[in-house]
Amino acid sequence: MRVLGVDPGLTRCGVGVVEGVAGRPLTMLGVGVVRTPADAELGLRLVAIEQGIEEWLDEYRPEVVAVERVFSQHNVSTVMGTAQASAVAMLCAARRGLPVALHTPSEVKAAVTGSGRADKAQVGAMVTRLLRLSAPPKPADAADALALAICHIWRAPAQNRLQQAVAQHATALKGRTS
């Protein structure tokens with residue numbers, strides 16, 4: 001499975017591509033940040049993020065896009081920018097017919113470090129170890145994007161089995177009421 005992880009942000013949108021399957025060593029194919037100037041008009045910043053993500057999709061051809069799920073924060077302007085960048089990533093994936101998986105920050109931290117309360121340094125250290133890198137990716141947004149991709153690769157098989165079980169149960173119940 002090849003996954004593009006996106007850590008959404010208006011100024012720095014982390015992107016990283018990881019390939020592999022659960023239970024086997026993973027491979028980083030690329031990591032970086034799509035940057036926009038903080039003083040640019042919002043619409044232009046969103047277009048720049050779209051263009052950056054499209055370039056990553058063109059170059060790496062992922063099968064899935066994993067995006068950090070936006071949740072409420074104390075700073076409304078930060079959450080709005082994150083949500084807008086997140087929507088751009090989802091739009092780019094949907095335009096290509098790619099599935100989008102949303103993972104909360106605590107899900108990603110728990111998957112990669114074993115603790116949903118891990119700090120950025122712990123996430124960076126584990127991403128470095130799991131992908132056999134010589135140093136943690138910089139800035140932290142890039143490491144977070146790789147962590148999202150890793151989280152999805154590891155969680156997708158269990159999520160798929162759960163979805164199949166729910167669908168089978170619903171079908172069985174429907175058959176009993178017919």
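Start by selecting Leu4, Val6, Ile49, Ile53, Trp56, Leu57 and Val65 in this predicted model. Of the 20 residues in the largest nonpolar core, these seven touch the most other members. Now colour the elements that give two or more residues to this core: strand 1 (2–7), strand 2 (12–19), helix 1 (42–60), strand 4 (64–68) and helix 2 (76–95).

Next, zoom in on Val6. Which residues does Val6 contact, leaving aside its neighbours within four places in sequence? The list includes Cys13, Gly14 and Val15, then Ile53, and then Val65, Ala66, Val67 and Glu68. Further along the chain, Val6 also contacts Ala89, Ala145 and Leu148.

Before moving on, select Val112, Val127, Ala147 and Cys151. They are among the 19 residues of another core, which lies apart from the one you began with.

Now come back to the strands. Show strand 1 and strand 2 together: a hairpin joins them through 4 residues. The two run antiparallel, with 6 bridges between them. To see one of these pairings, click on Leu4, whose bridge partner in strand 2 is Val17.

Is strand 2 mostly covered or mostly open? Strand 2 is mostly covered, with 6 of its 8 residues buried.

Notes. Residues numbered from 1 in each chain as written. Predicted model: local features only at pLDDT ≥ 70, side-chain atom pairs only at ≥ 80, totals over all residues. Heavy atoms only, no water. Core = buried A, V, L, I, M, F, W, Y, C linked by side-chain atoms within 4.5 Å. Buried < 20%, exposed > 50% of the residue type's maximum accessible area, 1.4 Å probe, protein only. Contact = heavy atoms within 4.5 Å. Pairing = 2+ DSSP bridges.
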